[in-house]
Amino acid sequence: MATTKWAIDPTHSEVQFKIKHLVISTVTGSFKKFSGEAITENDSFENAQVTFSLDVHSIDTNQEQRDEHLRNNDFFDVPTYPNITFVSTGMSKTGDDTYKLLGNLTVKDVTKPITLDVEYGGTATDFYGNEKAGFEVTGKINRKEFGLTFSAVTETGSIVLGDDVKLFANVQFVKQQAEVAA
């Protein structure tokens, strides 16, 4: 059986999140630095083994003061927990171009199983002869289940942050190598 290693191309990928603010609007943020890989049987992504890591210091909500607050111990405590990681436990095909990706997400010192929806965009060869595969990944987590429990209420009683965080990633993987097991 041959296995193929694929690495995330960070210049053609993005990782975003959305959370309700004051329950009336949504704030979008992103992580600017991340890495990941997938190990597949041949070139099929069904049952792929996926690992992913976000550099939490690279969080960007387009507002530096808010970003610094997110980096401190009210939220991510970046000096102690610099990365958010995901390690897959299974990936199953649910349609022609869709999958369910199951795995363990670790935020701070809390690891919990999550399920992500994956849409396969296809494969193509770039100008340099590199084979690439594209995916859109979506999901939702409850931030409090991962130790992100900071909460505040305005003077009028409005909740500042919602509990649910929507996750979005558009990623391109670059085929690295294929190996045949002996």
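In the predicted model, the side chains of Thr 40 and Trp 6 are joined by a polar contact of 3.2 Å. Thr 40 belongs to strand β4, which covers residues 34–41. Its relative accessible area is 1%. Thr 40 is therefore buried, as the value falls under 20%. Beyond residues up to four places away in sequence, Thr 40 touches Ala 2, Thr 3, Thr 4, Trp 6, Phe 45 and Ala 48.

The structure holds eight aromatic pairs. In one of them, the ring centres of Phe 45 and Tyr 120 lie 6.0 Å apart. The planes meet at 40°, so this pair is tilted. Phe 45 sits in strand β5 (residues 44–55) and Tyr 120 in strand β9 (residues 110–125). The pair therefore ties together parts that are 75 residues apart in sequence. Both Phe 45 and Tyr 120 are buried.

Tyr 120 also pairs with Phe 135. Here the ring centres are 5.2 Å apart and the planes stand at 40°, so the pair is again tilted. Phe 135 lies in strand β10 (residues 131–142), and Tyr 120 in strand β9. The two residues are 15 apart, and their pair links distant parts of the chain. Phe 135 has a relative accessible area of 6% and is buried.

A charge–ring arrangement involves another aromatic residue, Phe 168. Lys 18 lies over the face of the Phe 168 ring, at 5.7 Å from the ring centre.

Terms used. Residues are numbered from 1 along each chain as its sequence is written. This is a predicted model: local features need pLDDT of at least 70, side-chain atom pairs count only at pLDDT 80 or more; totals for chains, interfaces and linings use all residues. Side-chain values use heavy atoms; hydrogens and water are left out. Helices (H or I, at least four residues) and strands (E, at least two) are DSSP runs, numbered from the N terminus. Buried means under 20% relative accessible area, exposed over 50%, partly exposed in between (1.4 Å probe, protein chains only). A polar contact is a pair of N or O atoms within 3.5 Å; within protein, one must be able to donate a hydrogen and the other to accept it, and residues adjacent in sequence count only if both atoms are side-chain atoms. Contact means heavy atoms within 4.5 Å. Rings of Phe, Tyr and Trp (its six-membered ring) pair if their centres lie within 6.5 Å; planes under 30 degrees apart count as stacked, over 60 as edge-to-face and the rest as tilted. A charge sits over a ring if NZ of Lys or CZ of Arg is within 6 Å of the ring centre and within 35 degrees of the ring normal.
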